[in-house]
Amino acid sequence: MEGGEITALHVHLGIELGDTSMTQHSDLEEPTRKMTINTPVTPFTFAFHNLTYSIKSRRKIKLPGIVCQKAAKVIHAPSSEGKMLLNDMSGEAREGDILGILGPSGSGKSTLLDALANRISTESLKGSVTMNGEILEAGILKMISAYVMQDNLLFSMLTVKETLMFSAEFRLPRSTSKSKKMARVQAVIDELGLRNAVNTLIGDEGHRGISGGERRRVSIGVDIIHGPILLFMDEPTSGLDSSCAFMVVKVLQRIARSGRIVIMSVHQPSSRVVGLLDHLMFLSQGEAVYYGSPTNLSIFLLDFGHPIPENEDRTEFMLDLYRELEGVPGGTQSIVEFNKSWQKAQKGSTFDSDYSKGLGGLSLREALSACILRVNHIYGDVNGTAETSAISEFANPFWVEIIVLAKRWLRNSKRMPKWFILQIGGVVFVGSIIASLFWQLDKTEGGIQERIGFFAFIITTIFFGCTDVLAVFLQDRYIFIRETAYNAYRRSSYVLYRSIIAIPQLFILSILLASITFPSVGLDGGYSSFLFYFFAIFASFWAGNSLVSLVSGLVSQVMLGYIIVMPCIGAFLLFSGFFIQRNRIPSYWIWFHYVSVVKYPFQAVFLNEFDNPSLCLVEGVNKSCLVTGSDIVTKLDATDLGKWSCLWITVSLGVFFRILFYLSLLFGSNNKRK
């Protein structure tokens, strides 16, 4: 359906899904499904005008060497001159069409796509993005659009159906029944041609799963499950063979024909893929060298004085042509200027089409709601229950998001139990070694010192053992960014969910470690002392897990996270009061002693063992007590806080780190260029 074929503001739309001529691909064959919708609709035109984006470049400054024989030192400083990434870009994409953005690497394809999808800071980007003549606000754009990244970011141990179902639970409101969500998922599966892979795992390098083309289509399905009007695709055919690439774009064509707008960047498409695109925009160094339909490309090149040779692929010829121009003086300026004049000369090719001048008396939000209702009809939701999800910021309350996140984690984890089993095995192994090394310590002066060393070692081991959280979160980091970028769920819900699922795991690890070490080392105090010892270990696990979670929210690489967290834990141990007592720490470092997260659990288990005036550690000749537990507490200068205060401070520090983790995700994962 070409945009120019729509001649009325309100039309009766007959939509036929399942049209495909690809009989050689059984996974895309489906029975024709017709659905006539007598819903008044507004044909949409998404337009962008004079988009300009530049970044400040850095200039080199040479400083003379101190000695003349030495080479001058080169430093980089910000320059007032900027590098132009987009230069006065304008165009439009109409309802039912696919706009393909083409060009070699570095031409500005991904930058333009990011600009259209509001993934560039408004302080840096100049120009406007409109829908039918009205400025498209960032909040509305986020609610009616989806951005499918080049990488297939999916949970490997979920099936295709489960992946799409969890996406439906995130993106469709709680008022939508389970059966309607399932029907929506089934409709998307049929639309994407994934019926043969419904119950197959997504898979990864270590687990066999669906093919690359199917994985790409699942990525598309995750983002269209709520029926977005705008679909941005970052090189959806990248890494696929010609046949798979054609299947993916055929699916996108079917999605566009159902009443959506698809804008995609393509690196080097085949002629079959180009034949599925409605409009092309060729870019060179951030400027348009051609904008129009594929059929007009031959005429454009003929008018430019470079006719396409016989039997030559028009797209490859065009790309080769302006690549050559980029290497000569003046570059592609001649073809850029010719494109502007040629566009103006073409009838009906101006960017301000009849459909981009107004909405027929409807506000943009009202028109978009009507369009969302129409898309819901396509998926069989005749009551339009999913409409509310498109006009509200989030589809569900936070507690529903937490439940869905936890369900997905449980489903994914139960098929990969090895990770938690290794954690349990590691705790049992380390606990057994510690127990055998510190077996039944006596109450001599040496035994007392060994007990204090045991407490410092086990608390520090717990904190170092929590560093595995780095790999766990960073593995899912980009899935989290993709899902929260378009309001699948709140960042606060994600932090709460991670905190909730951590508690039972840490509880099991704590009870194992406490049960192995407490009786083996011969700690005093009986059942009540063991219970507090267990709570102190649990609080240590909680604080350590929270601390490492915070670091994982601040960095994007596992190794960088280890480089940060290891020295931090070492510094906390150094100032905990074990190596140097509190009263001997220099005044300018005493603040670090109180911010040390290791100090409080270490002091808690120490006081639990020794803070008892009736505890006699060294007896005299007449059974007189030479050293009591209180004497050891005083000697170590651990009298500033009680054991329960230390325990609650440890728990509070864990909560504080979780809050900082949330802030790091809130301000550090907006996925926008500056």
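This is a predicted model: local features need pLDDT of at least 70, side-chain atom pairs count only at pLDDT 80 or more; totals for chains, interfaces and linings use all residues.
Which residues of β11 are buried on one side, and which on the other?

**Entry 1: strand β11**

I took the two faces of β11 in turn. His 279, Met 281 and Leu 283 are on one side, and Leu 280, Phe 282 and Ser 284 are on the other. All of these are buried, which leaves both faces covered. I noted the general rule beside this: side chains in a regular strand alternate between the two faces of the sheet.

**Entry 2: the neighbours of β11**

I next looked up the strands that pair with β11. Strand β5 (residues 98-102) runs parallel to β11, and 4 bridges join the two. Across this pairing, Ile 101 stands opposite Met 281. Strand β12 (residues 287-292) runs antiparallel to β11 and is joined to it by 5 bridges. Here Met 281 stands opposite Tyr 291. I wrote down that β11 and β12 make a hairpin with 2 residues between them. In the turn, Gln 285 has a positive phi of about 50°.

**Entry 3: Trp 342**

From Tyr 291 I went to Trp 342. The two are 51 residues apart in sequence, but their C-alpha atoms are 9.7 Å apart in space. Trp 342 has a relative accessibility of 7%, and it counts as buried because the cut-off for buried is under 20%.

I then turned to aromatic pairs, of which the structure holds 37. One of them joins Phe 300 and Trp 342 edge-to-face, with 5.2 Å from centre to centre and 85° between the planes. Phe 300 is in helix α8 (residues 297-303) and Trp 342 in helix α10 (residues 333-345), so this pair ties together parts that lie 42 residues apart in sequence. Phe 300 is buried, as is Trp 342.

**Entry 4: other rings**

I also found one aromatic cluster made up of Phe 438, Phe 454, Phe 455, Phe 578, Phe 579, Phe 602, Phe 606 and Phe 610. Two charged residues sit over rings. The charged end of Lys 643 is over the ring of Phe 532, at 4.7 Å from its centre. Arg 119 lies over the face of Tyr 147, 3.8 Å from the ring centre.

**Entry 5: strand β8**

Tyr 147 took me to strand β8 (residues 145-148). Ser 145 and Tyr 147 point one way from this strand, Ala 146 and Val 148 point the other way, and all are buried. Strand β9 (residues 230-234) runs parallel to β8, with 4 bridges between them. The bridge partner of Ala 146 in β9 is Leu 231.

**Entry 6: cavities**

How many cavities of 30 Å³ or more does the structure hold? I found 4.

Definitions and conventions. Residues are numbered from 1 along each chain as its sequence is written. Side-chain values use heavy atoms; hydrogens and water are left out. Buried means under 20% relative accessible area, exposed over 50%, partly exposed in between (1.4 Å probe, protein chains only). Two strands pair if DSSP finds at least two bridges between them. Rings of Phe, Tyr and Trp (its six-membered ring) pair if their centres lie within 6.5 Å; planes under 30 degrees apart count as stacked, over 60 as edge-to-face and the rest as tilted. A charge sits over a ring if NZ of Lys or CZ of Arg is within 6 Å of the ring centre and within 35 degrees of the ring normal. On a 1 Å grid over the protein atoms alone, a cavity is a set of points where a 1.4 Å probe fits but cannot get out, and a pocket is an open set with protein on both sides within 12 Å along at least five of seven lines; lining residues have an atom within 4 Å of a point. Grid points are joined across faces, edges and corners, and a volume is the space filled by probe spheres set on the points.
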